[in-house]
Every structure is written in C-alpha cells, then in structure tokens.
Amino acid sequence: MTTVAENRPRFEPEEALQLAQGLYGLRVSANELPSERDQNFLLSDESGGQYVLKIASSVEREEVLDLQNQAMEHLSASLATYSFPRPLPALQGNKIAVVPGRPGPRHFVRLLTYIPGRLFADVRPHSPALLRSLGEFYGAVDRSLLDFEHPAAERDLVWDLRHAHKTVGRYLEYAGDANRRALLQSFIRDFESTVIPLLGELRRSTVHNDGNDYNVLVGMAGDKIADLRVIGVLDFGDMLRSFLASDPAIAAAYAVLGKRDPLGAATAVVSGYHASLPLTEAELEVLPVLIIGRLATSVAVSAFQQAREPGNRYLSISEAQAWEALERLSAVHVRHAYYAFREACGMEPCPRSPSVVNWLREHQAEFAPVIDAGLTPPDVVPIDLSPGSLSLSDMTVLNDVDRFARWVDERVAEAGAKVGVGRYGESRLAYSEAQYLVERDWARESRTLHIGVDLFATPGTPVYAPIDGMVHSLANNSRRQDYGPTVIVEHRPQETAEPFFTLYGHLSLDSLAGLEPGRAVHRGDRIGSIGDCAVNGGWPPHLHFQIITDMLGREGDFPGVAPPGNRELWLSLCPDPNLVLRIPESVLRTERWNSAAILEVRGAHLSRTLSISYKRPVHIVRGFMQYLYDTDGRRYLDAVNNVPHVGHCHPRVVRAAQLQSSILNTNTRYLHENLARYAQRLCSRLPEPLRVCFFVNSGSEANDLALRLARTHTRCTDVVVIDGAYHGNLTSLIDISPYKFDGPGGTGAQPHVHKVPTPDLYRGLYREDEPQAAQKYGDFVDDAIARARNRGAGVAAFIGESIMSCAGQIVFPPGYLKHAYSKIRSAGGVCIADEVQVGFGRVGSHFWAFETQDVLPDIVTMGKPIGNGHPLGAVVTTPEVAASFVNGMEYFNTFGGNPVSCAVGLAVLDVIEEEELQSRAQLAGNRLRSGLQDLAGRHRILGDVRGLGLFLGVELVRDRESRDPAGDEAAYVAERMKEQGVLVSTDGPAHNVLKIKPPLAFNESDADLFVDTLDKILFEVS
Ligand SMILES: Cc1ncc(COP(=O)(O)O)c(C=O)c1O
C-alpha cells in the first residue's frame, strides 16, 4: 500500500486560480481546504459565489470520479431536504476535466458547489436529536441509493467494512502496545463469530462509506439551539458497493468519538437510521461489530501510515479519540449493544427472552420454592421502595442499615406477614453509592430500576434452587450496596434456544463455601442461605432473586438495578422472577398513575391555563430538603422553589402539622394558644410598630386584605404599582399586577391603578451608571399621585415587592423605596411591602427584604415560605391601620389562623432560627453569586448577575452592548439544567432571566454544583 501523502496533489493556490479561470471561466480567490487524499480549494468570486475545486490524486481513476459525480447528482435530485455538493460543468461541458499542460502525473479536476454549514466534529455537545438526525440522514441517503448502480462501485478499498477483519489483521503489528493489539484481535474474533455467519443475510448496496465527523454538515432546522440537525455530507471519495449497514456503522463510529457513553450515541444514530430505512435483525446484530470495525480499521491503518510517514499530523487526526472510543466500547458486550439497538428500533430487545419466558410459563408448576415460607397472603407483604412510596415517609431510613432493617421488619410485622417482597421493575431511591451513577453525555442518569425480586426474611433462611441447573459462577461482591455473596446458576432446558440463569444475591458467606462452578444443582437443592447486614452489602437481610437470559460474558455478578432510560432492554434481558416465584399479582400490583395518565386527566378535567414546566414535564413524587425526586428515582437539585423555604418536607414542619392535625383543627372563634403564640412570635421578627397580625391562606389573600386595610384606613381607592409586578391571582390583585394586566390575556390598567417604571438598573430607563437613579425612579411616584388626583381620587397605597420576582429578580437601587415611601406618605397613602417571595431570611443580610432598603412599611404581606408549603399567609400592620379596620364589619377567615397552620408557622420559624438559615442563605448566596459572576468572564451570553442571598437572577443576552434579551436561550438552559438534574426557571418580561430561589437547605456545595452545571450548559449556547 502506498501512503496517501505519496499521491496527494501538490498544487499552489496560483495554479488553482488558473484552473478556475481556464477550465471554468471563474475569476475567484482560492483558499486551500484540508483533505486527506485530494487537494481542495475553496473558490470565492466577487458576487459571493463559492465553489470547491477538487484536484484528484494522480492514482484516482476517472470512472470512480464519475461514480461520485453521478451519486451526488442522484442524491441532490432525490433528497431535496438535504444538501450535497453537485459537480459543475467546465466551459467545454465536461464534469471531469484534466489539469492541462502540467508535467508529471495526470490529475483530474472537478468543480463542485459549495455547501455552507458547520462540521459535525465542530459541534458540541451532540444532542440525542442531532445524533438521531445523523442516522435519519444516512437512512435517507441509503434508501435513495438502493436503486443507484455504477460499475465503478465494485472496487477495492481499505475502508470496505466487508474486509475489516482482514485489514485490521494485516496492520495489527503496527498497533501500539499489547493491550491495544489484544483489543483489535478481539474485534477480529467478534467479526468472525458474528459477521461471517450472517454474510448471507446482509444486504449489499452502493454506500457513501464515509460519514466521518469532518464530512458531515450540521445546520439549524428551526430557530432554536436545540434544533441543530444534520443537513448534508461533503466527501464522496470512499463510495463503493458494500454492506448496506456500512453507512450507519460508520456514522455511529464517528458519533461515538469523545463520548463518555458511546453506546448511547451509537444507539441514537442507529434508531434514526432505522426510522428512515428499517434495518433487518441480522444487520442490527452485526452493527456493533461493524462500528468497532470502522474504528479498528482507522487506528490500524493510521498506525501503519504513521510508521511509514512519521510526523504527518493529519493521519492521527482522530486516532487518539478512536482508541479511546474503542477502549470504552470494548467494555460493552457486543450483544448488549445489539439489544440496545433492538430496543431503540422498537423490537423485543433480547431475542432469547421470549423462548425462556414461554418455557418458564409452561413449567411453572414444576418449580421448587426458593425459600421455605409460602409466598401468598397473608404471609407476604410488598415492601414499597419506589420514590413515591407512602410507607417510606422518611427516606433517611435508607441511609442507615439498622433503621432500614427495622423499617422493613415493621412493615412485615404490621401486615402480620413472614416475608417482605421488593418489586421487580420498581425504580427506587435506595441506590446512593457512586457505582450507581451511569456515564451519560447528555442527561444525568443513575441506575435505579430494580430488575430482580427481593425476598426480605431473617438471616439464615435457606435458599433453594427452583429449577435443575449447574453452578455458573459465584463471587463475594463485597462493595457497599453491592450483592455480597452471590451465586449464579445456569439452566439449560432442551426447549429453550439458549441457556438462562438465575441469580441469588445477598447470601451468607458460608453459602459460597460448598459450591463451585460446573457443579450440578437439582431443583430443591439448598444453595445457600440469606446473609446478614454485615456481609450482604449493607442491606436489610434479603434474597435478591433474578432471572437473566444472557450473562453478557459476566461471571459472579450481574447488574440487579439498571438505568430507567433503558427500561425495555433490561426488563427483556431479565424477565420477571415472579415467573418462578409465583407470588399472587394482587400482592405486587401498584395503583400509581403514570405521567401519560395524569396528563390525559389534566387535559380532560383541569383548565389549560394551568401551565406545566418543561417541554418534557417532570413527574415529581417526593421532596426532601433541597432535592426533588421523580418517578424514576431521578434526583433534582431544586434551585427554584422558595415555598419549601426550610427544605422540602422538613421533618420538623411535617411533624408539627401531623401532630396538630391529629389533635385539633378549628377556627379563630375558639381560643387556642397556637394562634396567640404564632402572632406574638411573628411580630417579634418585625420592627415596631408592626404588631397586629391577620392570618390568611395565601399570598394573594394577604395582598387583597392589605388593599382592604389601606383603603379603609385612607378612605381612598387608588394604588401605585411598579411595572412588571405580580401580587396575586385574585381579581383585586390582577388589577394591580402589570405582569398580568399588561401581559397575554390582560386588558391593561384599571383607572384606579397607576404604574411607575421598574427601577431596573440593567434594562430600565436609568441604568447602572445613571447618577441618582434611585431618586429619578422614585420621582415617578409623584406623577402617579398626580394622575390619581387628576381623576378626583386619592392614593390609598403604594405596593411593592421588596425585590421584584416576575419582573426578573430586580433589586432596587439603594434608597428607592425610601424615596417612594416618603412621597406616598405625604400624599396620605400607606406603604405595603409584599414579602411573599423574599421574606423570612432569604436575602441573608436581613430577615425581611424591605430592611435592605432601610424602610418601615405600614403593612407587610407574607405567603409562600411562611408555611413551607402549607397554605398559609399573613398580613402584619400597625395598630393604627388595624384600628381603622375595626368599623363594625367582622373579618372572618375560615381557615386562616387555624391551629394546624399556626403550628406549621411556628415550626418554620423554629427551624429558621435553630438551623441559622438566614446566615446560611448569606453564605451559600455569596458563593453562588460569586461563582455566577466568574461565569460572566467566560460566557458573553451572561449579561447580568444580581440579587441578594438566595434570591438571584442571571440575565442572558445575545449581545452585551445592545442587551438584546436571549429568551430562547434561557428556556433552553433551564431545560438542559433539568436534564442535568438541576431545576431552575426563567422570568422577566422577555423570559431571559434565570431565577434562582432555592430552599434555604441549599448549601455551598450545591452552589458549586449549580455553577458547574450552568457553566457546562452555557457552552452549548455561546
Ligand atoms: C410577589 C408575590 N405576591 C403575591 C403572590 C401571590 O401568592 P399566592 O400565589 O400564594 O396567592 C405571589 C405569587 O407568586 C408573588 O410572587
């Protein structure tokens, strides 16, 4: 084999210009493009036209160039939605010309259209949709090429995957160290054992054969960042007739480069291809080997060429990445990849399983019990370890094996049962160790899906083989949260196509003593006993029993929990153990609604005005402190919910509610100390003279009552509000919420409402460098008062969120509220501080956010955090304002101030104080803020970082000069943060502000995780 460098044309740009003019009549400039074999020049003319001049290597045959030209024209004609280069005729009409008048070897030259786009290799990260689009593209190309024939397609090429095993074998000796050679040898074996026997079943066709990441072009299919899709391909130089499956294999081989999860990337490509051009079972089976085949060919050829041409960097361009990908892929069994491809193509993932399942069904009556106890009610009770498990009210029991074991024992005892059953196919929260985190490139995922059945019983309980077989393997998997002593038995009934296996985990140590692989086991034979917590991986004593239809080359161990993203695959590979255990379905059944069912009923019975966050909604079933958990057991760091102020389901608050609910819940017409204690306690947190409380059920109710108090006190009606503000969902509050009345569906300001501009130093009328901005913003209050007077009314109140939320996390310039308050008070109005979002220590430096403005409101309204999720709100005012309200009309609120709500409110205050949450908000907030500010140095999209304590906003802009809001990007970031396990949302008039207001349990390391995750995601939009 000659090296590519020996034949590569070496033309000067000057010569390219002459060729362009002489052959094609083009007056252009020329820039050389990188290429392996040909020499390519990008030609640009003055009117903006661009072309590619391709000078072929001296050994290139004319008919092969014609094959490429014909294929490009064929694809351009048949696939209008994609872009392909097209050959253009020379002045003489020919599409292949010869470089004229040059001494030395003959070179053919062609002029092709130029396609703009980004190279696949230059786009990072590759979204699943982009990877899928790569597969769809090649499926479309190959479908179109099914009827394309050309005599030159039958040719010998080192890149022909039909001979990959031979090519790799030929160059094996050049490939680095012994480990790498072993890896290539294992490919050769896989090729011989998997591809060769299926040769007769693999379709042949003319294929593009070079979907490498420097050939594939990416463009936008829409106007969103997430819309990046494959739009075409450049180089047709490797076309030939080969396996049809070559194209998806090669595209996938390059798609896996640089991926932590190469199988995930390859699967996305294969599923896309299958959607355009369905693959056969045989093709899917050989695909994993062909993918490795392309990478192996690439590293082997490159090793050989480098040996011939040391110092040629182009040759090693993807070599390091290819080796890395090969090494990662070699950790995935080829049949595992095959099953993953089948799963992604909608087939039964593990083709061996149906015959095993049938056999188990047909022979159920013959199986011996696995443990002595009967597995029928009342002797069995389900142990629900699912994320939404109502019996697992305190998930911290999972962190302590003694408590966990006691909890299981209590469930069994409560039901009067003998054995607890842990379900098959259940996602769980129990797997917290690092070994359960899965390598993924796009979204965070852990192994949470339980694919065996657990039988919780006392240590020492004998375990029996239910079916004849032979010991396959055994091991003590002694890591924490692993199986401990494990036995795997192989079963080979004649009627099943392949053997299957049963796994017995968490046994006693002595269970391993009397067994060795190969030993026969008869049904009913004792194979060990249940181990205790000390040896079983640190679990409550139980047997993990699992059926496995393909061991995928493993011994002594096999995953007992799997990533929920590949649910079908793992449930197919490991069928339901209840086929053997035969526990009545009534014991195992759960009545939980899945997301689809919930969405359907929401659609039918709930108003569509209730929005749902995220394009793919999250189905949350549990919260604890700063975390939320979905039905798959996926954990999210909650950076957006300020209602669970002291932490989701804080045990102290939960207990307070539980206890008081179990004793008494009435209304304020009876004496109860909780109401009095709570009023006293809340007032103690406020400055004098804010000493009179009203308890209500929401922030809206609080603001509505505040308006009534103000109006009664001043005998005026009009209200001054800040543009962009939101104060609640009642009619009276929509009227004073510009965020609503000026937003979609709104009907503008009522006559009694007077807006003043948002004092936004980043985007408002007066920016950060405006002298006396606070004063200037405050002066608008005078105009508002004048407007009220002009219509013959007086101003009852000025209402302001102490830091604005919906308006985009707006912190007022220092002195703003002071200025506004003094103007309102001189006009006879009262000042209302809406602390519904920001009160109770969130801002860190102070307990109330109004204190940061050094003002004293006449009325303070509270909601959200006050009850940590319990529907509670409060209004606190001065004795003077409160006195005006005593005009004969009773104020009665059925639920407001009830003993349960007050107990909850008291518990929230207790936790804030005992856990020093205010100063923790300051610490974590400072850390988060400075981390975010550092990101601004790296990401130009970060326009502004603002806020106090743990109430922060990050404003995204397309351009720092114009501050053009990046709303689409912000939505994308929030969606991607969710996929990475962090919840954040967007707000502001242009929806371009990331709003961060986590439970105060959010700590400094959470701040770091938030910043790191955002950093990663921002690279996707900058
Ligand atoms: C500043 C502010 N005030 C009042 C409310 C109304 O509170 P609720 O939804 O509890 O009625 C909200 C709700 O988002 C708010 O953000």
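Which residues line the largest cavity?

Author: Happy to walk you through it. This is a predicted model, in which local features need pLDDT of at least 70 and side-chain atom pairs count only at pLDDT 80 or more, while totals for chains, interfaces and linings use all residues. Residues are numbered from 1 along each chain as its sequence is written, and side-chain values use heavy atoms, with hydrogens and water left out.

Let us start with the term itself. Rolling a probe the size of a water molecule over the atoms shows where empty space is left. Here, on a 1 Å grid over the protein atoms alone, a cavity is a set of points where a 1.4 Å probe fits but cannot get out, and lining residues have an atom within 4 Å of a point. Grid points are joined across faces, edges and corners, and a volume is the space filled by probe spheres set on the points.

By this rule there is one cavity of 30 Å³ or more, and the largest cavity has a volume of about 70 Å³. Its lining is made of Leu-263, Ala-266, Pro-288, Ile-291, Ile-292, Leu-329, Val-332, Val-334, Ala-337 and Phe-341. Helix 8 (262-276), helix 9 (281-308) and helix 11 (334-344) are the elements that give two or more residues to this lining. Helices (H or I, at least four residues) are DSSP runs, as are strands (E, at least two), and both are numbered from the N terminus. Sorted by class, the lining holds ten nonpolar, no polar and no charged residues. Ala, Val, Leu, Ile, Met, Phe, Trp, Tyr, Cys and Pro count as nonpolar, Asp, Glu, Lys and Arg as charged, and the others, Gly among them, as polar.

Now look at helix 10 (residues 319-330) and helix 6 (residues 178-195): their axes come within 11 Å and cross at roughly 60°. Axes are lines fitted to C-alpha atoms, for helices over the stretch in contact, with angles running from 0 to 180 degrees between N-to-C directions. From helix 6, Arg-180, Leu-183 and Leu-184 meet Trp-323, Leu-326, Glu-327 and Ser-330 of helix 10, where contact means heavy atoms within 4.5 Å. The residues of this contact divide into four nonpolar, one polar and two charged.

Two peptide bonds also deserve a glance. A cis bond joins Arg-124 and Pro-125, with omega about -5°, and Pro-125 lies in the loop between strand 7 (118-119) and helix 4 (128-145). Another cis bond joins Pro-377 and Pro-378, with omega about 5°.

Definitions and conventions. 1 Å grid on protein atoms, 1.4 Å probe; cavity = no way out; pocket = protein on both sides within 12 Å on 5 of 7 lines; lining within 4 Å.
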